[in-house]
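Here is a short briefing on the structure shown below.

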Amino acid sequence: MPELPTESVQPANDTTRFIEARDLATVRAFVRAGAVTLGLPAHRADLLALAVSELTTNTLQYTSGGGLVRVWAQAGQVVCDVVDTGPTRSSGDMPPAGSIRGRGLAIVDRIVDEVATTTVPDGTLVRIRMNL
């Protein structure tokens, strides 16, 4: 399991790990509850949980070993990291309507305020932010 980079990272309020699909409901509840506790309005916390669900589902579909999620507040934002052992993924354009797959990362781009992807020693860290 990759470790989180320590530079420029505020201490996490909480962290959870996920290994298999049955963990996703727990991850969504963890993110939503943490975001609301940190001051994000409920409807925005739901969007953050959706974004994390898309990221963690990609992790389970395309990597091995699961990953971890952490949530904290920093500089007027709720910040959420999703870390896994997979390669760096790029987000971007929404695929054509007839496409069966490929919308997850495009959805994440559209529903959060900021997305950044960083390569870490053993994988990838996707950091998403939502303004409080």
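**Charged residues and helix packing**

Arg 127 is found in strand β5, residues 123-131. Strands are DSSP runs of E with at least two residues, helices runs of H or I with at least four, numbered from the N terminus. This is a predicted model: local features need pLDDT of at least 70, side-chain atom pairs count only at pLDDT 80 or more, and totals for chains, interfaces and linings use all residues. Residues are numbered from 1 along each chain as its sequence is written, and side-chain values use heavy atoms, without hydrogens and water.

**The network**
- Arg 127 is buried at 13% relative accessible area (buried is under 20%, exposed over 50%, partly exposed in between; 1.4 Å probe, protein chains only).
- Arg 70, Asp 81 and Arg 127 are linked in a network of salt bridges (a side-chain nitrogen of Lys or Arg within 4 Å of a carboxyl oxygen of Asp or Glu).
- Asp 81 bridges to Arg 70, with closest N and O atoms 3.3 Å apart.
- Asp 81 sits in strand β3 and Arg 70 in strand β2, 11 residues apart.
- Both Asp 81 and Arg 70 are buried.

**Other salt bridges**
- The whole structure holds 6 salt bridges.
- Arg 32 pairs with Asp 46 at 2.4 Å between the closest N and O atoms.
- Arg 32 belongs to helix α1 and Asp 46 to helix α2, 14 residues apart.
- Arg 44 and Asp 113 meet in a salt bridge at 2.6 Å, N to O.
- Arg 44 lies in α2 and Asp 113 in the loop between α3 and β4, so the pair ties together parts 69 residues apart in sequence.
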